Amino acid sequence: MSLLKTALREKTFVCVMEFVPKPSTERFAAMQAIMARAHLCGWPMTVAIGDRVGSPLDLSPLDAFSSFSACVPALLHFSGKDRERHQLLAQLQRMDAAGLDQLLLLTGDRLPGHQPGQRPVRYLESVAALQIARQARPHWLLGAALNPFKYREEEGGAQYFKAEKKLAAGADFLTLQLGFDADKHHEAVLWMNRQANPKPLLACLMSLTHGRAAMLEQVAGVTLTQSMRDMLEAETAVSKAHAQARSVDRLALQIIGVKLMGYAGVHLSGIHELKQLVALEQRIEHWQARIHSLEQWAPAWTASWQVPGVPAVVFHPEQANWRNGESHGTASTKEKLRYHLMHGLHALLFNRNTWLSKAFGWAVGQPLWATASGARLLHGLERSVKRPLLGCDTCGSCRLQDTLYICPETCPKGLANGPCGGTALNRCEFGDRECIHSVKYRTAKAVRQSAVLSERLIPCVEVQSRQRSSWPAWFEVQGPEGLNGCTRPRSQPESSPRAAHRQ
């Protein structure tokens with residue numbers, strides 16, 4: 001059994017050391033030295049190998065794993081950006097050959113150079129990737145991500161709904177996005193404890209300096225407020241050494257805090273040298289001797305963000321401070337009207353029960369449409385009708401009923417199951433639009449269909465189905481496992497051990 005799987009099963013606090021693979025002998029040697037320690041304050045350590053974090057030209061996680069001079073316990077990542085099913089299955093096979101059986105599945109951040117409106121870039125989103133991996137490898141340790149650092153109801157609520165889908169799809173644990181808001185860390189723990197079958201949470205943490213804050217401004221989904229930057233700048237003004245010492249002290253306190261909250265471990269980012277690990281260990285030991293409860297921890301954490309003469313730090317944006325359980329967002333009249341109109345149209349043409357639906361199904365089921373020229377004609381007809389109305393890109397596997405008639409193809413990443421972690425105050429990571437999943441959340445709430453957002457697991461669109469009409473397949477006679485509505489998927493892969501625990 002792997003180190004991480006053992007630690008999670010035995011409820012032993014664990015440290016996952018993030019490693020971004022670059023073709024550098026020094027980088028690998030430094031991480032090898034860190035991992036040779038095996039423990040941080042007695043807590044077992046494993047290394048997490050990122051997948052194209054900095055560049056598409058980064059070493060693959062598997063190549064990076066094989067580049068270590070000695071075997072290290074490793075959690076490999078799989079990022080779905082610009083990936084399809086067959087690439088995930090190929091990585092699973094290679095991992096089998098290497099004796100690896102644990103994987104963190106991520107949709108992935110924006111692919112460098114990807115501009116909406118240019119060549120479409122497909123993202124194999126994490127929910128579908130979990131379904132594929134769980135079916136192919138029923139006994140592997142599979143993880144996924146959650147970003148609770150959201151401050152508008154729509155984006156925050158949609159994050160938690162999608163996390164429920166990840167649990168239902170087979171996630172054994174969730175790793176949080178990098179964040180510094182202790183209230184949000186606590187919020188995520190409370191949410192997980194309310195689930196029917198709670199799973200371990202890992203908190204992604206990093207020592208934060210003014211220089212790193214400037215770097216993180218370019219990382220989608222990380223929330224840094226002006227008051228945080230002001231405080232970090234004031235620390236740096238004293239001296240670089242002072243600021244570095246304070247940042248390590250805060251990281252030590254944050255580790256202790258999330259451990260007291262009930263986290264199963266931490267995913268530590270930004271530790272590249274053994275001396276950094278040793279310095280962190282010393283500060284953890286210092287605080288462990290003094291702090292034994294959250295009541296003792298809270299004032300120390302607050303003090304670590306205070307500098308004389310600098311205003312108090314707040315961790316939420318000035319524009320919003322939503323907390324899970326609060327209800328503020330409401331759909332506009334236009335959004336509600338659009339849903340009801342599309343729902344009515346769907347009932348007329350696609351429910352297979354009305355005479356008009358049966359007639360339409362008969363028409364698009366004629367042998368003519370199975371010919372090459374007929375298929376092109378029908379594809380063009382569907383696209384000409386649906387693209388102006390819905391932004392349809394004729395994926396060949398229509399999912400509109402499961403997405404409240406908001407086409408997933410209008411998301412630059414093509415995500416159907418919910419948002420990525422890169423939104424900011426409901427804005428898409430690409431910055432040119434509101435996140436469609438925020439619109440979907442408001443609509444679902446207004447028409448009392450919120451369960452759709454957490455219960456219907458939508459599989460990935462296969463390459464071979466794209467750019468063809470979805471209508472003939474819609475009306476094909478299906479068995480009890482077949483389609484019912486807009487590509488209504490089974491909520492679990494058949495071999496998933498979680499079939500009885502649907503979230």
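Glu-295 is placed in helix H12 (residues 294–303), where helices (H or I, at least four residues) and strands (E, at least two) are DSSP runs numbered from the N terminus. At a relative accessibility of 64%, Glu-295 counts as exposed; the classes are buried under 20% relative accessible area, exposed over 50% and partly exposed in between (1.4 Å probe, protein chains only). The C-alpha atoms of Glu-295 and Leu-260 are separated by 10.0 Å, the two residues being 35 residues apart along the chain. The model is predicted, with local features requiring pLDDT of at least 70 and side-chain atom pairs counted only at pLDDT 80 or more, whereas totals for chains, interfaces and linings use all residues. Residues are numbered from 1 along each chain as its sequence is written, and side-chain values use heavy atoms, with hydrogens and water left out.

Glu-26 lies in helix H2 and is exposed, with a relative accessibility of 60%. Between Glu-26 and Trp-43, which are 17 residues apart along the chain, the C-alpha separation is 25 Å.

Salt bridges were assigned where a side-chain nitrogen of Lys or Arg is within 4 Å of a carboxyl oxygen of Asp or Glu. The count by this rule is 31 salt bridges. One of them joins the side chains of Glu-281 and Arg-37, at an N to O distance of 2.5 Å. Glu-281 belongs to helix H11 (residues 274–288) and Arg-37 to the loop between helix H2 (25–36) and strand E2 (39–40), so the pair ties together parts that are 244 residues apart in sequence. Glu-281 is buried, with a relative accessible area of 13%, whereas Arg-37 is partly exposed at 32% relative accessibility.

A salt bridge is also formed by the side chains of Asp-51 and Arg-83 (3.2 Å, N to O). This pair links distant parts of the chain, 32 residues apart: Asp-51 is in the loop between strand E3 (43–49) and helix H3 (61–67), and Arg-83 is in the loop between strand E4 (74–79) and H4. Asp-51 is buried, with a relative accessible area of 5%, and Arg-83 is buried at 15%.

In the salt bridge between Glu-409 and Arg-122, the closest N and O atoms are 2.8 Å apart. A network of salt bridges links Arg-122, Arg-383, Arg-387, Asp-393, Arg-399, Glu-409 and Arg-466.

Helix H4 (residues 85–98) packs with helix H5 (residues 126–136) at an angle of about 40 degrees, their axes being 10 Å apart. Axes are lines fitted to C-alpha atoms, for helices over the stretch in contact, and angles run from 0 to 180 degrees between N-to-C directions. H4 and H5 are therefore oblique to each other, since angles under 35 degrees count as roughly parallel, over 145 as roughly antiparallel, 65 to 115 as roughly perpendicular and the rest as oblique.

On the surface, Leu-348, Trp-355 and Leu-356 form a nonpolar patch with about 350 Å² of accessible area together. Patches comprise residues with over 30% relative accessible area and no salt bridge, like charges being joined within 9 Å and nonpolar side chains (Val, Leu, Ile, Met, Phe, Trp, Tyr) within 5 Å. Accessible areas come from the Shrake-Rupley method with a 1.4 Å probe; for residues, only the protein chains shown count as cover. Leu-348 is located in helix H13 (residues 333–350) and is partly exposed, with a relative accessible area of 45%.
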